[in-house]
Amino acid sequence: MIDVVDLTVRYGVAVALHAVNLTVAEGEMVALIGPNGAGKSTLVNTLSGIQRPAGGTVSISGRLAHVPEGRQVFPDLTVDDNLRLGGWRIRNRDTGPIYEILPGLTPLRRRRAGRLSGGEQQMVAVGRALMARPEVLAVDELSLGLAPLVVADLVRHLRELNADHGLAVLLIEQNARLALDLCSRGYVLEAGRVVAAGTAAELAASPRVADAYLGVAG
Ligand SMILES: Nc1ncnc2c1ncn2[C@@H]1O[C@H](COP(=O)(O)OP(=O)(O)OP(=O)(O)O)[C@@H](O)[C@H]1O
């Protein structure tokens with residue numbers, strides 16, 4: 001689905017990603033964890049074509065949709081209109097299936113998105129990405145600023161999408177515990193480099209990851 005080989009991205013003279021390698025296979029859920037400024041958003045922005053690589057290659061098979069960091073809804077538009085915008089590229093105007101997948105949005109469909117809670121806005125952002133009928137979803141900071149119960153609900157929806165629809169997911173998270181719990185495999189990015197990679201169990205067991213990201217003394 002996603003095959004990133006030796007990807008280097010620069011902002012002017014600053015190198016944000018140094019020869020990064022990463023894959024996401026069909027139907028796989030993969031975590032990308034790392035601290036602020038590690039280059040996680042740069043990587044997703046490169047996958048979705050917002051950012052250009054300075055070196056290396058990015059190959060994507062199937063349709064990729066991106067849930068951007070910070071719940072970027074259109075605040076003056078209704079929930080339904082926000083969703084519809086997600087489908088414009090493939091001319092999909094049928095929002096019905098999104099309300100079946102995310103039933104919590106149904107009572108909100110005519111509300112202005114800017115008036116919703118953070119969790120509800122994040123739900124709209126996920127729904128909008130799903131309107132593009134993606135085979136792979138890149139989610140940038142699903143949990144940021146949200147209450148644990150709201151996050152649990154979003155995670156349940158992602159699991160269902162993966163199990164029932166075979167949706168592959170690249171989950172970019174500062175919350176490593178959440179990411180390694182949800183995903184089968186993961187990468188740790190620090191200062192633009194992949195410093196660890198493996199199954200979720202291997203990463204969780206690694207003293208480096210446990211100490212730095214899971215709050216467990218190594
Ligand atoms: N538009 C830009 N121009 C210049 N430098 C940038 C730009 N965007 C990001 N950077 C720099 O590139 C590096 C990687 O940033 P990036 O936003 O990808 O990290 P991140 O891992 O997503 O961080 P966070 O978790 O804080 O969102 C940082 O040093 C950042 O300051």
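I take two strands as paired if DSSP finds at least two bridges between them. Helices (H or I, at least four residues) and strands (E, at least two) are DSSP runs, and I number them from the N terminus.

**Entry 1: ground rules**

I number residues from 1 along each chain as its sequence is written. The model is predicted, so I note that local features need pLDDT of at least 70, that side-chain atom pairs count only at pLDDT 80 or more, and that totals for chains, interfaces and linings use all residues.

**Entry 2: the chain as a whole**

I counted eight helices and nine strands in the chain. The radius of gyration is 17 Å, close to the 17 Å that the globule rule gives for 218 residues, so the chain is as compact as a globular protein of that length. For this I took the radius over C-alpha atoms, and the globule rule is 2.2 Å times the number of residues to the power 0.38. The C-alpha trace spans about 50 × 35 × 30 Å along its principal axes.

Next I looked up burial. A residue is buried if 20 or more other C-beta atoms lie within 10 Å of its own, exposed if 12 or fewer, and partly exposed in between, with C-beta atoms placed from the backbone. Of the 218 residues in the chain, 41% are buried.

I also looked up contacts, where two residues count if their C-beta atoms, placed from the backbone, lie within 7 Å. Among contacts between residues at least 6 apart in sequence, 69% join residues at least 24 apart.

**Entry 3: the six-strand sheet**

In which order do the strands of the open sheet of six run? I read the order as S5-S6-S7-S3-S8-S9, and the pairing is mixed. Strand S5 (64-67) and strand S9 (193-199) are at the edges with a single partner strand each, so one side of each has no neighbour in the sheet. Neighbouring strands are turned by 15° against each other on average, direction ignored. Angles here run from 0 to 180 degrees between N-to-C directions, and axes are lines fitted to C-alpha atoms, for helices over the stretch in contact.

Strand S3 (residues 29-33) and strand S7 (residues 168-173) pair in the parallel sense, over five bridges. Methionine 29 has valine 169 in S7 as its bridge partner.

**Entry 4: leucine 32**

I picked leucine 32, which is in strand S3. Is leucine 32 buried or exposed? It counts as buried, because it has 27 C-beta neighbours inside 10 Å. Leaving out residues up to four places away in sequence, leucine 32 touches Lys40, Leu43, Leu170, Leu171, Ile172, Gly186, Tyr187 and Leu189. Leucine 22 is ten residues away from leucine 32 in sequence, and their C-alpha atoms are 9.4 Å apart in space.

**Entry 5: helices on the sheet**

Helix H1 (residues 40-47) lies across S3, S5, strand S6 (136-140), S7 and strand S8 (185-190), at about 150° to S6. Seven of the eight residues of H1 are buried, so H1 is largely enclosed by the rest of the structure. I listed the buried ones as Lys40, Thr42, Leu43, Val44, Asn45, Thr46 and Leu47. Just after H1, glycine 49 has a positive phi of about 85°. Helix H4 (residues 118-130) lies across S5 and S6, at about 165° to S5.

Strand S1 (residues 2-11) pairs with S4 over five bridges in the antiparallel sense. In S4, serine 59 is the bridge partner of aspartate 3, and valine 58 is the bridge partner of valine 4. S1 and S2 are antiparallel and joined by seven bridges. Tyrosine 11 has alanine 14 in S2 as its bridge partner. The two strands S1 and S2 form a hairpin with two residues between them, and glycine 12 in the turn has a positive phi of about 60°.

**Entry 6: the ligand shell**

How many residues surround the ligand? I found 13, the closest being Tyr11, Asn36, Lys40, Ser41 and Thr42. A residue counts as near if its C-beta atom, placed from the backbone, lies within 6 Å of the molecule or strand in question. H1 supplies the largest share of the shell, three residues. Strand S2 (14-24) and H1 each supply at least two.
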